[in-house]
Amino acid sequence: MKRSRFPLVVTVLVMLFFYLPVLVLVVNSFNRSRSSGPWTGFTLDWYVRLFGRRDIWEAFGNTLIIAVSASAASMLLGTLAAFALHRYRTRLQDAHYTMVYTPLVVPEILLGISLLLLFVALGVERNLTVLFIGHTTFCISYVTMVVLARLQDFDFAMVEAAQDLGAGPWTIARRVIIPLLAPGIFAGGLLAFTLSIDDYVISFFLSGPGTTTLPIKINAMIRRDAPALINALSSIMLCVTFLLVGLSQKLNKENRT
Amino acid sequence: MKADPVRRERLVEVFLTAPGFVWLLLFFLLPTFNVLLISFRPSTLTGGIGEGWTLDTLQQLRNPDYPGILFRTLWVSLAITVSCLLLSVPVAYFLARCSQRWKTRLLLLIMIPFLTNFIIRVFAWKVILHPEGWLASVLAFAGLIPPGTQLLYNVRAVILVSVYTYLPFALLPVYAVAEKFDFALMEAAMDLGCNRIQAFFRVFVPGISRGLWTATLLVLIPNLGAYVVPDIVGGHSSSMLGNVIVRRLFSDRNLPHAAGLSSVLTVLVLLPMIVVILHRRRREAH
């Protein structure tokens, strides 16, 4: 059968479409022009200035604190939830599944507003804990889904074997289930971490004066002072992403062989 | 003694379910109902929530601007969804027929730009579409647009950038189904006298309909609540429901009004969700 060229052409165009903005950012990070307009000469000035901006580093610190704590909490809660959903087929689990699934599709703006109004109604100040709660809430669902998918291949005969050999529930959890499920739990945690670092909408509603996260800071910089600084910042972030993806690919390959 | 293991199992179930369930109950379900309740509270002059109950918000929601904004929110979201589907079907078809090596490579290539920050990706488009940017000069040079045309701050820019940010959400579910599609079916159809285009539309496209529905859900619903993209690359003439909600919340500080609009949005997103879920269940019943 002779194949049509059309799908190939669309794929190439879509790839160009995907990489065009990335390319523009990297090129402009070396552009002397302040407004990222026409090319006015090569400079490394934006990178140098970036390292002098205390506020950016502070926002970065907040982002990391939230991402680490929210992914840790959602790893714990999500794994427990996935176990319950996998093992039991009761009415409670039907309700549980709906509860876990809905936050995945509801627009983030609704999650953000509802949490903001809850904290306003309760008279709670906007601090890092509030942000942590918001991020954990949307991360739980993602972790649960990832772990649930991994549980499909989980061999429960291992658990029964351990039971027959006289292991108690804690020993089984610690020495059989967790080691076997660790890759799934970490994959879920990694997803939660990435989503939390990237999150703008929820943080927009829940961050206060002292608790700016990096995406919020970036948005403020787009509007106010220096788009050129953001080009430099994004190029660095892009390099880190490429390195991490390359590293995880390499680790995967080594594990398989 | 005999009921003991059953009760024990039930206890384990509750122990496993409770932490996540209670968390989502407190921080997802309860706040959603709280929003509905707040829409019936009066607003205070200081931008807070007053005591007592009122139908003020319901009155304010009869604002003559709102039907237009609601209509725009709907058609812009639909346009984004349809564009994403139209692009992802041929790409998914191509990927599904690649060799295993190229599949992994191309999927990785698709994912990488989306691991960068969402805000930064939207910002990059602001640079590209800038009236003094190179895209505008190239298009003007080619005579496609008059020089100095504003490519930013309109509905077209909002659709373009939203398609960019949401395309992977359509592409991945469509690809996941297309990969399992049996291409021998298409050859069979062609042996039976279909031409290539007929085989594509009458065998391949229906074969991946499950993926298309998932993609619709994943693109349409978040876009009904879109706020960031129209805020950065859109203008006044392209605000969507999400932008109006944020304006009421932070500029006007009318919390009950914002809560009322959020409740409208909640109903709006529940409708497509119910349609897709019903459709799915009907397919499974067959």
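**The second largest pocket and other features**

A: The second largest pocket has a volume of about 990 Å³, a value that, like every other one given here, comes from a predicted model. Its lining is made up of 27 residues, and those that lie nearest its centre are Pro169(A), Ala173(A), Ile177(A), Val12(B) and Leu16(B). Two or more lining residues come from each of helix H3 (54–87), helix H7 (157–164) and helix H8 (169–198) of chain A, and also from H1 of chain B. Of the contributing elements, H8(A) gives the most, with 8 residues. When the lining is sorted by residue class, 19 residues are nonpolar, 3 are polar and 5 are charged.

Rolling a probe the size of a water molecule over the atoms shows where empty space is left. The structure holds 1 cavity of 30 Å³ or more, and the largest cavity contains about 40 Å³ of space. From chain A its lining takes Pro21(A), Val22(A), Leu25(A) and Leu238(A), and from chain B it takes Thr116(B), Ile120(B) and Arg121(B). By class, the lining of the largest cavity comprises 5 nonpolar residues, 1 polar residue and 1 charged residue.

On the surface, a nonpolar patch is formed by Leu25(B), Leu29(B), Phe33(B), Leu36(B), Leu37(B), Phe40(B), Trp53(B), Leu55(B) and Leu58(B), which together have about 870 Å² of accessible area. Helix H1 (residues 4–38) of chain B brings the largest share of the patch, 5 residues. Phe33(B) has its place in helix H1 of chain B, and Phe33(B) counts as exposed because its relative accessibility is 53%, the cut-off for exposed being over 50%.

Helix H10 of chain A presents another setting. This helix, residues 214–223, is largely enclosed by the rest of the structure, because 8 of its 10 residues are buried. The buried residues of H10(A) are Leu214(A), Pro215(A), Ile216(A), Lys217(A), Ile218(A), Asn219(A), Met221(A) and Ile222(A).

The salt bridges come next, and a search of the whole structure finds 8 of them over all chains. In chain A, the side chains of Asp45(A) and Arg49(A) meet in a salt bridge at 3.1 Å, N to O. Both residues belong to helix H2 (residues 45–51) of chain A, where they sit 4 residues apart, about one turn of the helix. Asp45(A) is partly exposed, with a relative accessible area of 33%, and Arg49(A) is partly exposed as well, at 42%.

In chain B, Lys103(B) forms a salt bridge with Glu179(B), and their closest N and O atoms are 3.6 Å apart. Lys103(B) lies in helix H4 (residues 100–111) and Glu179(B) in helix H7 of chain B, so this pair ties together parts that are 76 residues apart in sequence. Lys103(B) is buried, with a relative accessible area of 9%, whereas Glu179(B) counts as partly exposed at 35% relative accessibility.

A further pair in chain B joins Asp252(B) to Arg248(B), with the closest N and O atoms 2.7 Å apart. Here Asp252(B) counts as partly exposed at 43% relative accessibility, while Arg248(B), at 16%, counts as buried. In chain A, salt bridges that share partners link Arg53(A), Asp55(A) and Lys217(A) into one network; Lys217(A) is also one of the buried residues of H10(A).

Finally, the backbone deserves a look at two loop positions. Most residues other than glycine have a negative phi, and most peptide bonds are trans. Tyr153(B), although not a glycine, has a positive phi of about 60 degrees; it lies in the loop between helix H6 (134–141) and helix H7 (155–180) of chain B, and it counts as partly exposed at 38% relative accessibility. Arg253(B), likewise not a glycine, has a positive phi of about 50 degrees. Arg253(B) is found in the loop between helix H12 (241–251) and helix H13 (255–285) of chain B, and it is partly exposed, with a relative accessible area of 36%.

Conventions: Residues numbered from 1 in each chain as written. Chains lettered and ligands numbered in written order. Predicted model: local features only at pLDDT ≥ 70, side-chain atom pairs only at ≥ 80, totals over all residues. Heavy atoms only, no water. 1 Å grid on protein atoms, 1.4 Å probe; cavity = no way out; pocket = protein on both sides within 12 Å on 5 of 7 lines; lining within 4 Å. Points joined across faces, edges and corners; volume = space filled by probe spheres on them. Nonpolar A, V, L, I, M, F, W, Y, C, P; charged D, E, K, R; others polar. Patch = residues over 30% accessible without salt bridge, like charges linked within 9 Å, V, L, I, M, F, W, Y side chains within 5 Å. Areas by Shrake-Rupley, 256 points an atom, 1.4 Å probe, with all protein chains shown as cover. Salt bridge = Lys/Arg side-chain N within 4 Å of Asp/Glu carboxyl O. Buried < 20%, exposed > 50% of the residue type's maximum accessible area, 1.4 Å probe, protein only.
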